[in-house]
Amino acid sequence: MSQRGPVGHALNGLAIALRDGWGDFIHFIQYGDLVAHPEATIAAVYDFLELGRYQHDFGNVVSRYEVNDSEAYGIDGLHDVRPTVAKTSRNYRELLPDHIIDKYKNWDFWNYSRELAEMRKQSSSGLLLATQF
């Protein structure tokens with residue numbers, strides 16, 4: 001994956017942040033958790049930020065902002081907001097060829113941040129995750 005594309009750029013920045021010890025300042029949300037348990041998932045965000053909780057209506061979502069994704073990122077509809085929080089993604093195996101799935105199947109390095117922290121402690125030179133992208 002190229003660092004120059006929007007996904008490569010984002011993954012590279014995330015890898016650098018984790019490598020440099022900023023993992024405690026990042027709260028990860030899994031898509032499946034958000035769509036299955038939106039109240040609990042968003043409550044965890046408020047707790048992480050140490051903010052009071054706000055009551056959300058996950059069945060009546062309205063976006064206040066619009067981004068021209070095609071112009072900004074070259075990917076139309078990237079930030080479309082639907083009126084309800086619900087699973088809408090199709091199975092990735094229906095959309096992507098096997099060689100792409102195989103190439104990127106272990107790129108969810110943020111799920112292994114504890115392992116990375118331990119590896120970083122054991123390495124005198126530190127991890128250079130950004131070089132993988």
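Guide: What follows is a short tour by question and answer.
Guide: This is a predicted model, in which local features need pLDDT of at least 70, side-chain atom pairs count only at pLDDT 80 or more, and totals for chains, interfaces and linings use all residues. Residues are numbered from 1 along each chain as its sequence is written, and side-chain values use heavy atoms, with hydrogens and water left out.

Visitor: How many helices and strands are there in the protein chain?
Guide: The protein chain has 7 helices and 0 strands. Both are DSSP runs numbered from the N terminus: helices are H or I with at least four residues, strands are E with at least two.

Visitor: And what share of the residues counts as buried?
Guide: Of the 133 residues in the protein chain, 19% do. Buried means under 20% relative accessible area, exposed means over 50%, and partly exposed is in between (1.4 Å probe, protein chains only).

Visitor: How many salt bridges turn up in the whole structure?
Guide: The search finds 2. A salt bridge is a side-chain nitrogen of Lys or Arg within 4 Å of a carboxyl oxygen of Asp or Glu. Arg19 pairs with Asp20, with the closest N and O atoms 2.8 Å apart. Arg53 pairs with Asp47, and there the closest N and O atoms are 2.6 Å apart.

Visitor: Why does Arg53 count as exposed?
Guide: Because its relative accessibility is 55%.

Visitor: New topic. Which residue has a positive phi although it is not a glycine?
Guide: Glu50, with a phi of about 55°. Most residues other than glycine have a negative phi. Glu50 sits in the loop between helix 3 and helix 4, and it counts as exposed because its relative accessibility is 72%.

Visitor: Where does Leu51 lie?
Guide: Leu51 is also in the loop between helix 3 and helix 4. Together with Phe48 and Leu49 it makes a nonpolar surface patch of about 270 Å².

Visitor: What about Asp57, where is that found?
Guide: Asp57 is in the loop between helix 3 (38–49) and helix 4 (69–73). A polar atom of its side chain lies 3.1 Å from the backbone nitrogen of Gly59. Asp57 and Val85 are 28 residues apart in sequence, and their C-alpha atoms are 9.2 Å apart in space.

Visitor: What lines the second largest pocket?
Guide: It is lined by 18 residues, with Leu34, Val61, Arg82, Thr84 and Val85 nearest its centre. Helix 2 (residues 31–36) gives the most to that lining, with 3 residues. On a 1 Å grid over the protein atoms alone, a pocket is an open set of points where a 1.4 Å probe fits, with protein on both sides within 12 Å along at least five of seven lines; lining residues have an atom within 4 Å of a point.

Visitor: What volume does the second largest pocket have?
Guide: About 480 Å³.

Terms used:
A polar contact is a pair of N or O atoms within 3.5 Å; within protein, one must be able to donate a hydrogen and the other to accept it, and residues adjacent in sequence count only if both atoms are side-chain atoms. Patches are made of residues with over 30% relative accessible area and no salt bridge: like charges are joined within 9 Å, nonpolar side chains (Val, Leu, Ile, Met, Phe, Trp, Tyr) within 5 Å. Accessible areas come from the Shrake-Rupley method with a 1.4 Å probe; for residues, only the protein chains shown count as cover. Grid points are joined across faces, edges and corners, and a volume is the space filled by probe spheres set on the points.
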